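Keep the sequence and the coordinates open while reading.

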Amino acid sequence: MRTISHRLFGRALLSALLLLSAGCNNPDASPQPDHPRLPPNVTLRDITFRSAALGRDIEYRVVLPSSLMPGQKLQVLYLLHGGGGGFRDWTNDSDVAGFAALGLLLVMPEGNSSYYTNAVDQPQDRYEDYIVHDLISDVEGRFPTASGRSNRAIVGISMGGFGAVKLGLRHPDLFISQAESVPPSTSPAVRSP
């Protein structure tokens with residue numbers, strides 16, 4: 001039996017995928033001003049932490065509900081930006097932050113132009129390892145997250161879409177897929193014949 005929380009998580013995941021058409025890819029390589037689109041009752045935090053896989057400090061952005069019940073754990077949605085973009089794109093260029101007000105923890109990591117893949121020619125650029133080991137560990141150590149793959153999903157746009165599909169397929173123990181999280185009959189975007 002699916003809980004309301006899992007249905008909400010699935011719907012948020014599907015909606016985030018639909019928001020991809022809003023575009024989070026910035027073709028201009030110059031830094032853009034940070035102007036997050038935040039609804040009331042959410043909190044935005046930019047985190048810098050040391051990634052062992054990358055051997056350097058790297059940033060990510062988190063949006064979460066402003067107030068939590070004691071002991072409340074949040075399901076996590078990882079949002080990967082597109083090529084030429086950065087970790088601020090999702091909050092600057094879409095309304096995805098609204099899902100945090102519904103009880104999700106949104107995580108937007110910096111991916112540079114990595115395709116979220118471990119580089120062959122630059123061994124210090126191990127972006128897959130950074131996401132699946134360092135980032136998840138840091139997020140779960142810092143924020144009140146619900147544990148397990150059924151509470152963790154990953155989506156992206158363009159380069160981030162590639163990364164999300166690749167990471168989801170290579171690490172099915174870490175991320176739930178949309179098909180598993182929402183039965184087709186309850187998904188607002190899928191109509192039964």
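Two residues are in contact when they have heavy atoms within 4.5 Å. That cut-off applies to the contacts described below for this predicted model.

The protein contains six helices and five strands. Along the sequence, these elements come in the pattern α-β-β-β-α-α-β-α-β-α-α. Of the contacts with a separation of 6 or more, 76% are between residues 24 or more positions apart. Buried residues account for 47% of the 193 residues. The accessible surface is about 9,300 Å², and carbon and sulfur atoms contribute 55% of that area.

Helix H5 covers residues 159-170. Which residues of H5 are buried? They are Met 159, Gly 160, Gly 161, Gly 163, Ala 164, Lys 166 and Leu 167. The cover over these buried residues includes strand S3 (75-80), helix H4 (127-142) and strand S5 (152-156).

Helix H4, one of the elements covering H5, also holds Asp 138. Is Asp 138 buried or exposed? Its relative accessible area is 16%, and a residue counts as buried under 20%, so Asp 138 is buried. Apart from its neighbours within four places in sequence, Asp 138 is in contact with Ile 47, Phe 49 and Tyr 60.

Notes:
Residues are numbered from 1 along each chain as its sequence is written. This is a predicted model: local features need pLDDT of at least 70, side-chain atom pairs count only at pLDDT 80 or more; totals for chains, interfaces and linings use all residues. Side-chain values use heavy atoms; hydrogens and water are left out. Helices (H or I, at least four residues) and strands (E, at least two) are DSSP runs, numbered from the N terminus. Buried means under 20% relative accessible area, exposed over 50%, partly exposed in between (1.4 Å probe, protein chains only). Accessible areas come from the Shrake-Rupley method with a 1.4 Å probe; for residues, only the protein chains shown count as cover. The expected span of a helix is 1.5 Å times one less than its number of residues.
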